[in-house]
Amino acid sequence: MSIRLYVGNLPQTFDAKELEALFTAVGEGVRFKAVNDRETGACRGFGFANTDDQKLADAVIEQLNGKDFGGNTLRIEISERKEGRSAAPAERRSGSAPTPARKAVNKVVHADNIDSESPDPRWAGELAKLKDLLANQKAAV
């Protein structure tokens, strides 16, 4: 079973070989993958390391957590899986997992016929609150 480690507080630009050398100094068998921004391709400041050995994972955390790397203090801990993800990663990528359909909402964003008697429906709730506040106020004379 693979142990997944969160590696955070990475510099925006760093040498991947230098980081891998840090992991290799602790022990062989640590694989690292940085998380990059989809649009710019730049590192988002974190990534994940995987290893098959629990003792090696503990050693990586013990030796590298809090260590300075590229001017930043590394944060390394065991990664927690997000709750609420029912589909396995392969099922999500292949598209076989059904996605819930969005509700069709008939919102009135713009109306051509403006009724001067009724308030804008987008602000009706706020207007009602203001009217209540004004009605409850008593002016000191």
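1. The secondary structure of the protein chain comes to four helices and six strands, where helices (H or I, at least four residues) and strands (E, at least two) are DSSP runs, numbered from the N terminus. Read from the N terminus on, the elements follow the order β-α-β-β-α-β-β-β-α-α.

2. The model is a predicted one, in which local features need pLDDT of at least 70 and side-chain atom pairs count only at pLDDT 80 or more, while totals for chains, interfaces and linings use all residues. Residues are numbered from 1 along each chain as its sequence is written, and side-chain values use heavy atoms, with hydrogens and water left out.

3. For the chain as a whole, 22% of the 141 residues count as buried; buried means under 20% relative accessible area, exposed over 50%, and partly exposed in between, with a 1.4 Å probe and protein chains only. The protein chain exposes about 11700 Å², of which carbon and sulfur atoms supply 50%; accessible areas come from the Shrake-Rupley method with a 1.4 Å probe, and for residues only the protein chains shown count as cover. Among contacts between residues at least 6 apart in sequence, 63% join residues at least 24 apart, a contact being heavy atoms within 4.5 Å.

4. The sheet deserves a careful look. Four strands form an open sheet in the order E2-E3-E1-E6, and their pairing is antiparallel; two strands pair if DSSP finds at least two bridges between them. Strand E2 (31-36) and strand E6 (75-78) stand at the edges, and because each has a single partner strand, one side of each is left without a neighbour in the sheet. Neighbouring strands of this sheet are turned against each other by 25° on average, direction ignored; axes are lines fitted to C-alpha atoms, for helices over the stretch in contact, and angles run from 0 to 180 degrees between N-to-C directions. As background, strands of a sheet pair through backbone hydrogen bonds, either parallel or antiparallel.

5. Within this sheet, strand E1 (residues 3-8) and strand E3 (residues 43-51) run antiparallel and are joined by six bridges, and Val7 stands opposite Gly47 in E3. Helix H2 (residues 54-64) packs on the sheet, where it touches E1, E3 and E6, and the direction of helix H2 makes about 155° with that of E6.

6. Asn9, in the loop between E1 and helix H1 (16-26), has a phi near 65°, a positive value in a residue other than glycine, and Asn9 is partly exposed at a relative accessible area of 39%. Ser79 lies in the loop between E6 and helix H3 (89-94) and counts as buried, because its relative accessibility is 18%. Leaving aside neighbours within four places in sequence, Ser79 is in contact with Arg4, Leu5, Tyr6 and Phe48.

7. A search of the whole structure finds three salt bridges, a salt bridge being a side-chain nitrogen of Lys or Arg within 4 Å of a carboxyl oxygen of Asp or Glu. In one of them, Arg31 pairs with Asp52, the closest N and O atoms being 3.8 Å apart. Arg31 lies in strand E2 and Asp52 in the loop between E3 and H2, so this pair ties together parts that are 21 residues apart in sequence. Arg31 is partly exposed, with a relative accessible area of 43%, whereas Asp52 is exposed, at 54%.

8. Another salt bridge joins Arg75 to Glu77, with 3.1 Å between the closest N and O atoms. Arg75 counts as partly exposed at 42% relative accessibility, and Glu77 is also partly exposed, with a relative accessible area of 34%.

9. Helix H4 (residues 124-136), where Leu133 is placed, also holds Lys129 and Glu126, which lie three residues apart, about one turn of the helix. The side chains of Lys129 and Glu126 meet in a salt bridge (3.6 Å, N to O); Lys129 counts as exposed at 51% relative accessibility, while Glu126 is partly exposed at 43%.

10. Leu133 counts as exposed, because its relative accessibility is 53%. Together with Leu127 and Leu130, Leu133 forms a nonpolar patch on the surface, and the three have about 270 Å² of accessible area together. Patches are made of residues with over 30% relative accessible area and no salt bridge, like charges being joined within 9 Å and nonpolar side chains (Val, Leu, Ile, Met, Phe, Trp, Tyr) within 5 Å.
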